[in-house]
Amino acid sequence: MAAVQGVRDFLEVLERNGQLLRIAEEVSLEPDIGAAGRAISQLGETMPALSFEKIKGYNNARIVTNIHGSWPNHALIMGMPKDSDTRAQFFEFVRRYQQYPGKVERVKDAPWMENVIEKDVNLFDILPLFRLNRGDGGFYIDKSCVISRDPDDFENDNVQNVGLYRLEVKGPNRIGIQPIPEHDIAIHLAHAEERGEDLPIYITLGASPLMEIVASMPILYNQSEYEMLSVLQGEPAKIVRMPSGHDVPWGAEYVLEGRILSRVREAEGPFGEFTGHYSGARSMPVVEIDKVYHRTAPIFEPLYLGQPWTEIDYMMAINTGAPLYVQMKEAFPEIVAVNAMYTHGLVVIISTKRRMGGFARTVGMRCMTTPHGLGYAKIVIMVDETIDPFDLKQVMWALSTKVNPAGDLIVLPHMSILPLDPGAMPEGMTHKLIIDATTPVPPDNRGNYGQPLDSPGGTAEWRQKLSKMLAESVS
Amino acid sequence: MNAQTKTTTIHPVCPRCRSAETDILTRSPVKDVWIVHGCKVCFYAWRNTEPEENINPDKYPEAFRLDPAEVNNFIVVPTIPPLRKSETG
């Protein structure tokens, strides 16, 4: 199957699989788009994407949302059957990830070159921007890929960054951006600002659902997002080299060319964030857009985010656990699976075999020392290898019975956390917690775990027999 | 201001910080459907067709209101690094 190279192609995949709901009635930008985005995530884990085809105040605008917002949609983005369960999607993601790096395909022309705006850019005219949640300080682009290069290492394709950062459109060609210190782009910006130079960037919208999953994925600083995309989609990522030297996804709907202004900060926010809380208003960098490319009849693809679960939680789920798994497994091959689906990994559940007493909690500390752990992994729950970390019923059983708070809660004081964590004190600092819910092994001899229950002999055969009988009784 | 706060002028006060320094950011591509206003002080933006809580200063939620004086004291993220010293000195 040919890889999807843009959101437009993916809409066809969704439609073929019954995962696209077209909304023909005219809608208001506020509050309809945000309200529908919230509502669709409340209706379950298998919901379709939404396509709004008539927007009040625009002639031909089209908004699609909830592209990432369900497990069937995530499976289809991966090119898997839409009923693939979460665990299967995780291990397939890991399998492909471990083939990194892939090759890219460089092309000269792209569909977004059809229309070019070089003067009097007005983002409001070409993007049907709107307020997502009532307390948002403005109209945001909340799903995009921002491409930057390190001015101190410009030619190095591996440190070219493709990241997903929130963007507040403040004027016709003026955008507020949030490059928090944990983000790779903050390193590029710091180098540019030390030089007193603007940082050239490209903002692409609608690049492809898998590109956006990679852009929001905590891979290593010197790993190329495009080469990661290639292995995840099973064929080379198509990219276009701009005259500036930056590489831009071929499949985008819009490409905005601009600069983060050197040493400028101004009011930004608040924005309702993936933590389920508003971010507060802060003083953050500013982008000026100089040029816009877009496809004819472009599709605008925002996402809804609010109190989990919403679309963003599906997008930043498997892509968060997989790199943690691969990075930690290098040191500790005993690790079996990592579930970092909760609020982009503020909570992480790790199942592992144990080499000796105290092993599991050491693995928990390793999670906190991954790059992503710098800003996340506030609570790490360690469970036995026999527990499926994606099955919360099993995890809760482990917490219920394997934990003695006398010795199994390991608190690490004053650790770093992303500034958006509302529990932090001060902003950016928090204690962290490892909960060791594994069964103690020697020389750790705590507890009375000598007689665990197992299944009676013949359970597997009965399971097979009963399943067959149930299937026959239904048909 | 009270319940009579005027919101229908061409340049209304900012619903969030009540600054009078506001501007029209854009008008709807289809004529006369809506206008987007922006505040030059706190950068709040609003469309004149939004629910009252987003466009009327008196109905704007207390939790999100801002004093214009606060804007200069926001936390700076990320911090601005020192300029490098010129290699030639």
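In the predicted model, a polar atom of the Asp313(A) side chain lies 2.7 Å from the backbone nitrogen of Thr310(A). Asp313(A) belongs to helix 9 of chain A, residues 311-315 (helices are DSSP runs of H or I with at least four residues, strands runs of E with at least two, numbered from the N terminus). Asp313(A) is buried (under 20% relative accessible area, 1.4 Å probe, protein chains only) and has no salt bridge (a side-chain nitrogen of Lys or Arg within 4 Å of a carboxyl oxygen of Asp or Glu). Arg38(A), the nearest side chain of opposite charge, is 7.0 Å away. Beyond neighbours within four places in sequence, Asp313(A) is in contact (heavy atoms within 4.5 Å) with Pro308(A), Met341(A) and Thr343(A).

Between the two chains, 47 residues of chain A are in contact with 33 residues of chain B. Chains A and B bury about 3,300 Å² between them, 59% of it on carbon and sulfur atoms; buried area is the accessible area (1.4 Å probe) lost on being put together, summed over both parts. Arg134(A), Glu194(A) and Arg263(A) supply 17% of the area that chain A buries against chain B, more than any other three residues.

Five salt bridges are found across this interface. Asp152(A) and Arg84(B) form a salt bridge through their side chains, at 2.6 Å from N to O. Elements giving two or more residues to the side of chain A that touches chain B include helix 2 (29-42) and strand 9 (167-171). Helix 6 of chain A gives the largest share of that side, six residues.

Residues are numbered from 1 along each chain as its sequence is written, and chains are lettered from A in the order in which they are written. Local features need pLDDT of at least 70 and side-chain atom pairs count only at pLDDT 80 or more, whereas totals for chains, interfaces and linings use all residues; side-chain values use heavy atoms, without hydrogens and water.

Note on methods. Buried < 20%, exposed > 50% of the residue type's maximum accessible area, 1.4 Å probe, protein only. Lys, Arg positive; Asp, Glu negative; His and termini not counted. Polar contact = N/O pair within 3.5 Å; in protein donor to acceptor, adjacent residues only side chain to side chain. Buried area = accessible area lost by both parts, 1.4 Å probe.
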